[in-house]
Amino acid sequence: MNFDTTIGEENISTLHVEGKILGNATDTFRKEMEMQLQTGYDKLVVDLTNVPLIDSSALGAIVTTLKSCQESGGKLVLLNPQKAVQEVLEVTHLATVIEIYDTEESARDAFM
Amino acid sequence: MAETILVVDDDLDILELLKMNLEPEGYNVRTASDGDSAVQSACTDPPDLILLDVMMPHKNGFQVIEELKDIEETKSVPVILVTARGQTEDKVRGLDTGADDYITKPFDLREVTARVEAVLGRTRPIKYINPLMRAMGEGFSEKGLEQLAGHLQAAAAIQKKLLPEQAPSIDGFDIATLLQSSTSVSGDFYDFIPLSETQIGIVLGDVKGNGIPAALLMVMIRTALRLLCHEEDTPALILKRINDLVARDTEADLFATMIYGILDTETSTFTYSNGGHCYPLRWNTARNIDVLKTGGMLIGAFEEATFTTGTCLLAPGDILVFYTDGITETEAGDDPGSDENHGVSENSEQSDVYPDAIPTDTFYGGDRLAVCLSKNAALSASALCEAVVNDLALFSGSTQTPDDRALIVIKRDV
């Protein structure tokens, strides 16, 4: 798994992840999101376009970060999850509490 | 283990009477004839309940309660006060001081038993869950983790004991289970809980997160379910209660997914709710596979989560299957044994089973599980479990289990 983070307009931070988020990669993923929050960026777009699969720990990291963002008045949205990830979000009903967008533009608009 | 009641009264005849009345109900009864020895007895070995007379010389019942509430070991032991008839002030003062209930003298022995059972029924869940919650709280600190690490082995042993070794035998149904653990402590669990002559509660779940907190969460959920499911509530309400309990007291990244349902052998129905767990599959003799999607949010992350109850009718020969994602997320080996019947029949109304399934060329997936089920539907429940294990080995090219796997197969007799 690789990722890079870009800070855009309105201090919206976009985390582009590439590869499966499994095992040890989950820790790295969690820490990166935590760091964004700690440095004051609580408007997060997590780009899952290039993520074929995530494990339950990664799901837990998303839930924790989502709640932290909400507590500080921000938000976490997901961008373009692929089939397998989308299915996990639906089965767990997380799709009902997390905003999911198809394009980077609509994801960013969610914060306006 | 029998619960212990400490009975305190300065009238030895009443002590004897209460002892004779409560012991046949299955309680251990200890007695004390004054306030001081009552406090001493309660501290030395805290009972499950204290039946306490108010009017005693030297130290009265109120003073005893006040002392007990100040002592760590005894402060959460429930107390029923025994007061003289008509002493309303006593009742109020008693409840203010921290008594859980009161009985007036002269009492009806049946009322004593009923009140004892009611108070124990209320406090029993708290008593079991409190130590678990305290342990989990510490589990999140470095020091706590160190302390608990030594108990990991013991936790694994306890977990194994908690899982039923055999599926229950029920008239008219053939039930089999499978559990394969990848590590010493398993996140997957299942349980069967007899509810009445014709009803059995069935749960299959998967605790997410790692290590000791996750293991404790499993024990806590299983215990909470055992205590809650005897009430005549819907599966959705029971999942809601467990969700609220876990969500309130644990970190958001510690959660579980689980299915809880009631199999009714009289009506041949399965009434269930699903907390974010892999959808159960039902195979019917018309060779269709239904995916049962009723349910709600995963358990333990959101306090505001809601759940829905669904019911499915099992006709003779129908098969119901629950499984954990360790099965569907099994990764393909180099030669994932090709299957010409792959995919569900296009003539079937249910041809869109798992429309968004994990691609079966990479992961085993619900789709392939459904096919395996259809092909082996004539087998017994335990042979079906075995068929799934064999198919997984064929698919992954390995008999190793990288993740925990659990499976329950319920087949109605033809």
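## Where the chains meet

Chain B puts 18 residues in contact with 16 residues of chain A. On the chain B side that touches chain A, the residues come out as eleven nonpolar, four polar and three charged. Bear in mind that this is a predicted model.

## The sheet in chain A

Chain A has an open sheet of five strands, with mixed pairing and the order E1-E2-E3-E4-E5. Strand E1 (2-7) and strand E5 (99-101) of chain A sit at the edges with a single partner strand each, so one side of each goes without a neighbour in the sheet. From one strand to the next, the twist averages 25 degrees.

Now for one of the pairings. E1(A) runs antiparallel to strand E2 (residues 13-18) of chain A, and six bridges link the two. Take Asp4(A): its bridge partner in E2(A) is His16(A).

Helix H1 (residues 24-38) of chain A lies across E1, E2 and strand E3 (43-50) of chain A, and its direction is at about 170 degrees to E2(A).

H1(A) also packs with helix H2 (residues 56-71) of chain A, at an angle of about 10 degrees and with the axes 9 Å apart. That angle makes H1(A) roughly parallel to H2(A). H1(A) brings Thr26(A), Phe29(A), Arg30(A), Met33(A) and Leu37(A) to this contact, while H2(A) supplies Ser57(A), Ala58(A), Ala61(A), Thr65(A), Ser68(A) and Cys69(A). Sorted by class, the contact between H1(A) and H2(A) holds six nonpolar, four polar and one charged residues.

Note on methods
Residues are numbered from 1 along each chain as its sequence is written. Chains are lettered from A and ligands numbered from 1 in the order in which they are written. This is a predicted model: local features need pLDDT of at least 70, side-chain atom pairs count only at pLDDT 80 or more; totals for chains, interfaces and linings use all residues. Two residues are in contact if their C-beta atoms, placed from the backbone, lie within 7 Å. Ala, Val, Leu, Ile, Met, Phe, Trp, Tyr, Cys and Pro count as nonpolar, Asp, Glu, Lys and Arg as charged, and the others, Gly among them, as polar. Two strands pair if DSSP finds at least two bridges between them. Helices (H or I, at least four residues) and strands (E, at least two) are DSSP runs, numbered from the N terminus. Axes are lines fitted to C-alpha atoms, for helices over the stretch in contact, and angles run from 0 to 180 degrees between N-to-C directions. Angles under 35 degrees count as roughly parallel, over 145 as roughly antiparallel, 65 to 115 as roughly perpendicular and the rest as oblique.
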